[in-house]
Amino acid sequence: MTNEKEKKLSDLRLNVGYEVSEKRYRHILGVEECAVRIAALYSDILSEEDVYLLRAAALLHDVTKDKGDEWQRDFISENKIILPKGDEEAVQLWHSFTAPTYVSLRYPEFSCRTVLDAVYRHATGDVQMTLTDKIICLADYIENGRKYDACIDVRRRFFFDGAEKMSIRERIKHLDRCLLLSFKYISEHLSANGEKISNKTKRAMDALISEINSTEGL
């Protein structure tokens, strides 16, 4: 990666640090580090530009997370953001829906489809996720700061010895399976606590199952 792009990421990293709590910042840096580590398994299909945008998306995915419910509600109203059906009252997800617009306004240099979509989808997943979307979503769940048993399990499964020896098709299926497992764990946790599972997550799980099954035996 060029020195210019490294400098832009360094500046972004610094600026994001001013917008979130210290704990959130540690998580964000952990997601960036984890995303880079995941991306290394797909270096034969990810370009240098892809990795640059991936790192930017990792740094920006939680940029509005610490701004509070009132700020989220006002920002949604002021910018006429349409929340996904069923998630209108899912306050814990609002940051993923406000962040793309906030990034476009506050960090226009990174206002591209690749970054904005990955930021938008990181908390719930979605149908037709790109490789970047999937990496950010999984990295958010398994970065080293996550100490929950479910997160540790998915992290262990993904980074098993020998993963780099798989074919690229097997590696993509491996990513899909681990991401699907993370969604299953999230859904089980939400159900156990009487919370609603996002329709976007349900559709993402169905899409991943379809993708996995379509490549079985190939």
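**Inside the helices**

Guide: Glutamate 32 is part of helix H2, residues 22–39; helices are DSSP runs of H or I with at least four residues, strands are runs of E with at least two, and both are numbered from the N terminus. The model is predicted, so local features need pLDDT of at least 70 and side-chain atom pairs count only at pLDDT 80 or more, while totals for chains, interfaces and linings use all residues. Residues are numbered from 1 along each chain as its sequence is written, and side-chain values use heavy atoms, with hydrogens and water left out.

Glutamate 32 is buried, at a relative accessible area of 6%. Buried means under 20% relative accessible area, exposed means over 50%, and partly exposed lies in between, with a 1.4 Å probe and protein chains only. Apart from neighbours within four places in sequence, glutamate 32 is in contact (heavy atoms within 4.5 Å) with Arg13, Arg55, Ala58 and Leu59.

Isoleucine 135 sits in helix H7 and is buried, with a relative accessible area of 0%. With neighbours within four places set aside, its contacts are Ala35, Ile38, Ala39, Leu46, Leu54 and Leu175.

Isoleucine 135 belongs to the largest nonpolar core, which has 64 residues. Such a core is a set of buried Ala, Val, Leu, Ile, Met, Phe, Trp, Tyr and Cys residues joined through side-chain atoms within 4.5 Å. The residues with the most contacts inside this core are Ile38, Leu60, Tyr107, Ile135, Leu138, Ile142 and Phe158. Leucine 60, one of them, touches Leu12, Val16, Ala99, Val103, Tyr107, Phe110, Val115 and Val119, again leaving out neighbours within four places in sequence.

Two packed helices are described by the angle between their axes and the distance between the axes. Helix H8 (residues 149–158) packs with helix H9 (residues 168–192) at an angle of about 175°, the axes being 10 Å apart. Axes are lines fitted to C-alpha atoms, for helices over the stretch in contact, and angles run from 0 to 180 degrees between N-to-C directions. H8 and H9 are therefore roughly antiparallel, given that angles over 145 degrees count as roughly antiparallel, under 35 as roughly parallel, 65 to 115 as roughly perpendicular and the rest as oblique. H8 contributes Ala150, Asp153, Val154, Arg157 and Phe158, while H9 contributes His174, Leu175, Cys178, Leu181, Ser182 and Tyr185. These contact residues divide into seven nonpolar, two polar and two charged; Ala, Val, Leu, Ile, Met, Phe, Trp, Tyr, Cys and Pro count as nonpolar, Asp, Glu, Lys and Arg as charged, and the others, Gly among them, as polar.

That leaves the cysteines. A disulfide is a pair of cysteine sulfur atoms within 2.5 Å, and the count comes to zero. The sulfur of cysteine 137 has its closest cysteine sulfur in cysteine 34, 12 Å away, which is too far for a bond. Cysteine 178 is in no disulfide either, its nearest cysteine sulfur being that of cysteine 34 at 11 Å. Cysteine 137 is buried at 4% relative accessibility, and cysteine 178 is buried at 5%.
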